[in-house]
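Work through the exercises below with the sequence and the model side by side. Each task is followed by its solution.

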Amino acid sequence: MKRKLVTLAAIAALGVVAPVSFAAAQAPVQTPAPASAPAYSATQAGPTVSNAVVGIQRASTANAAAPMQEARLGAGRNVALMVVGGAALIIGAAIGGTAGILIAVTGAAVGLYGLYNFIQ
């Protein structure tokens, strides 16, 4: 009887946690709109000293933009806590007995902690 109860609790917990993590994984990452380019050319007309150099030149890296960082950078740890908690819940249900119940309850606590931090 206890094994069925723990198994049903594990399925219910995964049913609540899994749609949230899948929805977050499939959500589009919002990136800021790029700045519009000026309508005129910023290069100077006619010959210049920098254009007169012949041979191999080092490429200019001063104008390189910093790489964009992902908006949800810290979500990986919370999702991992939810997955590990769900796995421990299922393993605890499969083990059964007092040890299985302790593992399942601990897994549920870890999963709920990850869900709490994920929602925050």
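Predicted model: local features only at pLDDT ≥ 70, side-chain atom pairs only at ≥ 80, totals over all residues.

Residues are numbered from 1 along each chain as its sequence is written, and side-chain values use heavy atoms, with hydrogens and water left out.

**Exercise 1.** State the secondary structure of the protein and its pattern along the sequence.

Solution. Helices (H or I, at least four residues) and strands (E, at least two) are DSSP runs, numbered from the N terminus. The protein has three helices and zero strands. Along the sequence the pattern reads α-α-α.

**Exercise 2.** Check the span of helix 3 (residues 97–119) against its number of residues.

Solution. The expected span is 1.5 Å times one less than the number of residues. For the 23 residues of helix 3 this gives 33 Å, and the end C-alpha atoms are 33 Å apart, so the two agree.

**Exercise 3.** Which residues of helix 3 are buried?

Solution. Buried means under 20% relative accessible area, exposed over 50%, and partly exposed in between (1.4 Å probe, protein chains only). In helix 3, Gly-100, Ala-104, Gly-107, Gly-111, Gly-114, Leu-115 and Phe-118 are buried. Of the 120 residues of the protein, 18% are buried.

**Exercise 4.** Is Ile-91 buried or partly exposed, and where is it found?

Solution. Ile-91 is found in helix 2 (residues 75–95). Its relative accessibility is 48%, so Ile-91 counts as partly exposed.
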